[in-house]
Amino acid sequence: MSTDGDRAQRGIQSIEVGGQLLRALVHHGRPMALKDLAREAEMSPAKAHPYMVSFGRLGLIEQDRTSGHYLLGPLALQLGLISLQQANPVHVATPLITELAQQIGQTVAIAVWGDRGATIVRIAESPAPLHVNMRHGTVFSLTNTASGRLFGAYLDSAVVKRLLEEERQRERKGIAEPPQRGMPPVQPLPGWKDFEAQLHEVRARGLSRSEGEILPGVSAMSAPAFDHTGAIVLALTAIGPAAIFDTRWDGEIALALKACADQVSERLGAIASRP
């Protein structure tokens with residue numbers, strides 16, 4: 001005898017089967033012939049065709065009259081636009097970072113770009129205690145933190161260059177914010193050419209890291225999430241004691257961060273993650 005839980009979870013198999021055809025269209029991002037769609041969905045063209053007829057009547061797909069290829073229809077486009085309007089990057093990422101923190105055993109923060117730079121808006125604590133002055137509203141340095149350099153790598157270069165120059169002017173006038181108690185001395189700001197080289201490496205890696213810059217003996221790595229326009233919307237940053245923090249570019253933390261950030265990007269409509 002089936003339980004209420006079983007009945008609540010019961011779906012319609014034919015819809016799930018037909019949905020594989022829509023998945024194939026989305027995955028390839030271009031018009032496709034029926035035989036190619038059917039192959040991607042692991043079914044015969046004869047079985048796939050009735051699904052495409054029904055999807056066409058609903059407006060989920062349409063067929064090019066010249067080539068006969070199928071593409072997403074007006075209803076699919078409307079659904080996509082509404083979904084993008086409703087998607088909030090922080091809301092999407094928040095439930096994921098708790099699981100990520102448990103997985104890698106490190107504290108994970110969500111940072112967004114604010115008026116003063118990369119700013120923490122959510123934190124998932126590590127399973128083990130870590131005494132680092134990281135709280136909601138903390139602003140990361142543009143040049144001396146993993147999160148700051150990550151945003152610097154993906155924001156418009158003219159904006160980043162201007163922000164770097166503003167920091168330089170504050171430094172010259174002696175009004176730069178002093179390091180907080182227990183923090184390492186503030187490092188001299190790099191010139192634009194040197195900083196640009198650092199940002200190029202971040203883009204090439206698709207990740208940013210910091211070793212001992214935030215606090216002696218503390219390391220961090222940061223991965224970007226993008227929206228449907230390809231713009232960076234937030235950074236997922238892991239931070240922990242250097243003795244147990246794997247900063248390898250292909251290490252467990254790097255791979256987990258990247259996978260989580262890619263998941264956020266996908267949910268926000270990004271076509272594909274950047275390299």
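Which residue just after helix 4 takes a positive phi? Gly59 does, with a phi of about 90 degrees.

This is a predicted model, in which local features need pLDDT of at least 70, side-chain atom pairs count only at pLDDT 80 or more, and totals for chains, interfaces and linings use all residues. Residues are numbered from 1 along each chain as its sequence is written, and side-chain values use heavy atoms, leaving out hydrogens and water.

Buried here means under 20% relative accessible area and exposed over 50%, with partly exposed in between, using a 1.4 Å probe and protein chains only.

| Side of helix 4 | Residues |
|---|---|
| Buried | Ala48, Tyr51, Met52, Phe55 |
| Exposed, turned away from the buried side | Ala46, Arg57 |

Seen down the axis of helix 4, the buried residues fall within an arc of 105 degrees, so they line one face; the arc is taken from the directions from the helix axis to the C-beta atoms. Helix 2 (13-28), helix 3 (34-40), strand 1 (61-63) and strand 2 (70-72) are included in what covers them, where contact means heavy atoms within 4.5 Å.

Terms used
Helices (H or I, at least four residues) and strands (E, at least two) are DSSP runs, numbered from the N terminus.
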